[in-house]
Amino acid sequence: KKRGNLGIGQAEIIIDDKTYKTSPLQVEITAAVDKPTDGDSSQIIAEDNLHLVAEVSKANPYLNEALTVVYKLYVSPRVSVSNWRELDSPKYNDFWSQSIDIKQLRVENGEYRGEPYRYVVLRKTILYPQKTGELNIEPLTLSIAVDVPSERRDIFGSRIYKTVNKTVAADNKQIKVKELPAGKPAN
């Protein structure tokens, strides 16, 4: 809760009539530090090369006007994904929703922030806003097994890959739903 030199007091526990104690410990609490940028960290490589994005077709729809939210997983050519599972599914409060089944994931080539990436559409949902004003579309959160290159090589000189688990989430999306214009019937 605060910076500075703080002490962690002695802890004590009794097990089978014997007392065990820890030594007091001094710790220095500093301001937040930038995340390390050395290229050797598997977690950093996974984080920099994997992105889950929610794309919304309309940011300013009318009440009951259909809009689509598409969740895409962008993967850099430097890494690969070997498995994934949903940790948290979006709840579409204030929307009527209809999921569009994706029978088979298709890897496509595209760009993410101007760089070449591969991506898959993981989920597609049609939403119909049920009230006006600022509405929130919750994120989808995934746990992904990412294969990242390590510093090690096999006997043939090929890079050995290491699998790390990474949690990624799409950003919250805000939309502003407008009243229907006078004389326009609801869908």
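**View 1. Ser 143, a buried residue in a strand.** With a relative accessibility of 13%, Ser 143 counts as buried, where buried means under 20% relative accessible area, exposed means over 50% and partly exposed lies in between (1.4 Å probe, protein chains only). This serine sits in strand E12; helices (H or I, at least four residues) and strands (E, at least two) are DSSP runs, numbered from the N terminus. Leaving aside residues up to four places away in sequence, Ser 143 touches Asn 83, Trp 84, Arg 85, Leu 87, Lys 166 and Thr 167, a contact being heavy atoms within 4.5 Å. The model is predicted, so that local features need pLDDT of at least 70 and side-chain atom pairs count only at pLDDT 80 or more, while totals for chains, interfaces and linings use all residues. Residues are numbered from 1 along each chain as its sequence is written, and side-chain values use heavy atoms, with hydrogens and water left out.

**View 2. The largest nonpolar core.** A nonpolar core is a set of buried Ala, Val, Leu, Ile, Met, Phe, Trp, Tyr and Cys residues joined through side-chain atoms within 4.5 Å. The largest one here has 28 residues, and those with the most contacts inside it are Leu 52, Tyr 71, Leu 73, Ile 137 and Val 146. Among the elements that give two or more residues to this core are helix H1 (42-48), strand E6 (67-75) and strand E12 (141-153), and the largest share, 5 residues, comes from E6.

**View 3. The surroundings of Tyr 71.** Not counting residues up to four places away in sequence, Tyr 71 touches a set of residues that includes Val 53, Pro 90, Tyr 92, Val 121, Ile 137 and Ala 170.

**View 4. Two aspartates with positive phi.** Most residues other than glycine have a negative phi, and most peptide bonds are trans. Asp 17, although it is not a glycine, has a positive phi of about 60 degrees; this aspartate is placed in the loop between strand E2 (12-15) and strand E3 (18-21), and it is exposed, with a relative accessible area of 80%. Asp 94 also has a positive phi, near 70 degrees, and is found in the loop between strand E7 (80-88) and strand E8 (95-100), where its 35% relative accessibility makes it count as partly exposed.
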